[in-house]
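Reader: I would like to go through the backbone and side-chain details of this model. Could we begin with how the terms are set?

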Amino acid sequence: MTSILRSPQALQLTLALIKPDAVAHPVILEAVHQQILSNKFLIVRMRELLWRKEDCQRFYQEHEDSVVSASREIAAFFPDFSEQRWYEEEEPQLRCGPVCYSPEGGVHRAAGSGDPGSA
């Protein structure tokens, strides 16, 4: 699936966490995934994690509603992701389009480029 995305404004990173109840039911998980796509969010990374209760408690203990917190949370889930590199290299390509969605990988990428992979 290819779409053209042209935006004069920089894209922002948003971390979406899908909790275990949804992941446990494939139909619900697919509905959540389709809702994300239908609202024109671009998926640039996707990962499944199995966290212990202690991991969840530590994550939410540090949770604040701020840009710094969002960067810290993204780093917790994607330790090899370079936010700076994404903003410098990938974000302009995704913003200016065309954009392809890969159902196999579950992420969007600039059309004609390889899988963004890990930074």
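Author: Two strands pair if DSSP finds at least two bridges between them. Helices (H or I, at least four residues) and strands (E, at least two) are DSSP runs, numbered from the N terminus. This is a predicted model, in which local features need pLDDT of at least 70, side-chain atom pairs count only at pLDDT 80 or more, and totals for chains, interfaces and linings use all residues. Residues are numbered from 1 along each chain as its sequence is written, and side-chain values use heavy atoms, with hydrogens and water left out.

Reader: Which residue in E3 stands opposite Cys-100?

Author: Arg-109 does. Cys-100 belongs to strand E2 (residues 99-102), which runs antiparallel to strand E3 (residues 107-110) and is joined to it by four bridges.

Reader: What lies between E2 and E3?

Author: Four residues separate them in a hairpin, and Gly-106 in the turn has a positive phi of about 75 degrees.

Reader: Turning to Glu-90, is it buried or exposed?

Author: Glu-90, in helix H5 (residues 83-96), is buried, at a relative accessible area of 12%. Buried means under 20%, exposed over 50%, and partly exposed in between (1.4 Å probe, protein chains only).

Reader: And where is Lys-40?

Author: Lys-40 is in the loop between H2 and helix H3 (53-61). Its phi is positive, about 65 degrees, although Lys-40 is not a glycine. Lys-40 counts as exposed, at 73% relative accessibility.

Reader: Which peptide bond is cis?

Author: The bond from Gly-97 to Pro-98 is cis, with omega near -5 degrees. Pro-98 sits in the loop between H5 and E2. Most peptide bonds are trans.
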